[in-house]
Structures are given as C-alpha cells and as structure tokens.
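Here is a short report on one protein chain. Keep the structure open while reading.

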Amino acid sequence: MIAHLSGTLLSKQATSVILDVAGVGYEVSIPLSTFYELEGPGSNIQLRIYTHVREDALQLYGFRTARERELFLRLISVSGIGPKLGITLLSGMSADEMIASIRTNNLAKLTLIPGVGRKTAERLVMELRDKVASLSSAELEEELGAKPDTAAAPTEDSMRADALSALLNLGYQKNSAEKAVSAALSE
C-alpha cells in the first residue's frame, strides 16, 4: 500500500496532480485545499496518500497533511460515502469547517456541497460527531467552546421539518403528517 509520495510535480489540475517519483509518474486525486497549497510544476512536493484498490482500478488520493488524510479516512468510513465523495467533501470546505459542521449538527452547511443531500449529511453527523473531535485544532476547540451550540436551540422551521420527516418515515400520509405537525406546533 502506498502511504506517502515525495517527488517533482509534473502537472496539476484542480482535482489531480501527476507526481514524478524516481522516473515514475503517479496520478493522484486531490481535494481543492491541497491544490491551492501546491506550488507550480517543477517544485518538489510531499503528499500523504490513501490507496484505494478496486477490482478494476488502483487509485491514489493525496493530501498535504496527515490530519486531512485522517479526516478523509473517517469520511469514507461512513456508509454511502466513497473516496470520490470524500474528496468532494474536502474540496467543499476546509478540514476545520468540516469538523465544526459535523460537531455542531450544521446540516445546512453540509448540504451546500454538491452531491451531499440531507440524508448523507445526517449520516455524517450521526456517525462522525464523536470521532472527529480528536482531529479538532486548538483554535477550533476554543471557537466551539466559546460559541453557544446553535443545534441546542432549533428553529421552528427545523423542528417542523424534522417532525414531518419522522412522520413520513413512519408511513404517515404527507397531508396527515403536515396537519399533525401544524397542530402540535400551534399548541
């Protein structure tokens, strides 16, 4: 398994780089955060690598920091999230923003990332809320500690949506569920 590559950058695009390591060119998929931190072609770079082996392909995913790679590994451990969506998630926001969004149940921010719907965002939060705490930076911990938890005080709209979703998942008709939620909120 390839875990680290160090070599000369031959070319870079927003989603991948070609890295020359001792005469062998490796194509590595990268998130946008890594793309912006890389220097131009000809520079020497080091990437932390995740090797994804499939029946028909061997794919490499690269990251500038071990922390970003670890976050990627935790993201792809969630059911329904593969390496491609993991890279998309890390391209959609920084590691600190991702960790903060997961820890504070910020589904709205997570669903702004292309390919992430409400159910995927909910799965991310549910499965990773406690697991990403160890990846938090000191600055993020201070910010989370200083800010009141916005998830603790849900808005009427979010309560309505959650209650409606729960009733629909239990098999209630949409009209009946909407009436029941409206009646409950008016009380």
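The second largest pocket holds about 170 Å³ of space. This comes from a predicted model. The pocket is lined by T15, S29, I30, L32, Q59, Y61, K84, I87, T88 and S91. Which elements give two or more residues to this lining? They are β5 and α3. Helix α3 makes the largest contribution, with four residues. As background, rolling a probe the size of a water molecule over the atoms shows where empty space is left.

**Overall layout**

The chain has nine helices and five strands. Read from the N terminus, the order is β-β-β-α-β-β-α-α-α-α-α-α-α-α. The chain is 187 residues long, and 35% of them count as buried. Take the contacts in the chain with a separation of 6 or more: 50% of them join residues 24 or more positions apart.

How many residues make up the largest nonpolar core? It has 28 residues. Those with the most contacts inside this core are L71, F72, L75, L89 and M98. Six elements are listed as giving at least two residues each: β5 (58-63), α2 (66-76), α3 (83-92), α4 (95-103), α5 (107-110) and α6 (118-128). A second core is separate and has 13 residues, including F35, L38, L47 and I49. In soluble globular proteins, nonpolar side chains tend to be buried together.

Setting aside neighbours within four places in sequence, L89 is in contact with L75, I81, M98, I113, V116 and L124. L75 and M98 are also among the residues with the most contacts inside the core.

Helix α2 deserves a separate look. Its buried residues are E68, R69, L71, F72, R74, L75 and I76. The list includes L71, F72 and L75, named above for their contacts inside the largest core. What do the buried residues of α2 pack against? Their partners are α1 (32-37), β4 (44-53), β5, α3, α4 and α6. For orientation, an α-helix has 3.6 residues a turn, so residues three or four places apart point the same way.

L19 sits in strand β2 (residues 16-21). Its relative accessibility is 0%, so L19 counts as buried; the cut-off is under 20%. Beyond residues up to four places away in sequence, L19 touches L5, S6, G7, T8, L9, V24, G25, Y26, I45 and L47. One of these, L47, is included in the second core.

A100 belongs to helix α4. With a relative accessible area of 16%, A100 is buried.

A121 is in helix α6. Is A121 buried or exposed? At 0% relative accessibility, A121 counts as buried. Leaving out neighbours within four places in sequence, A121 is in contact with L107, L110, T111 and V116. V116 is also in contact with L89.

Each of these residues can be paired with a partner further along or back in the chain. The table gives the spacing.

| Pair | Separation in sequence | C-alpha to C-alpha distance |
|---|---|---|
| L19 and I45 | 26 residues | 8.3 Å |
| A100 and V132 | 32 residues | 9.1 Å |
| A121 and L107 | 14 residues | 5.8 Å |

Most residues other than glycine have a negative phi, and most peptide bonds are trans. Two residues here carry a positive value.

Where does A22 lie? A22 is in the loop between β2 and β3 (24-29). Its phi is near 55 degrees, which is positive in a residue other than glycine. The relative accessible area of A22 is 81%, so A22 is exposed.

N105 is in the loop between α4 and α5. N105 is not a glycine, yet its phi is positive at about 60 degrees. Its relative accessibility is 32%, so N105 counts as partly exposed.

Conventions. Residues are numbered from 1 along each chain as its sequence is written. This is a predicted model: local features need pLDDT of at least 70, side-chain atom pairs count only at pLDDT 80 or more; totals for chains, interfaces and linings use all residues. Side-chain values use heavy atoms; hydrogens and water are left out. Buried means under 20% relative accessible area, exposed over 50%, partly exposed in between (1.4 Å probe, protein chains only). Contact means heavy atoms within 4.5 Å. A nonpolar core is a set of buried Ala, Val, Leu, Ile, Met, Phe, Trp, Tyr and Cys residues joined through side-chain atoms within 4.5 Å. On a 1 Å grid over the protein atoms alone, a cavity is a set of points where a 1.4 Å probe fits but cannot get out, and a pocket is an open set with protein on both sides within 12 Å along at least five of seven lines; lining residues have an atom within 4 Å of a point. Grid points are joined across faces, edges and corners, and a volume is the space filled by probe spheres set on the points.
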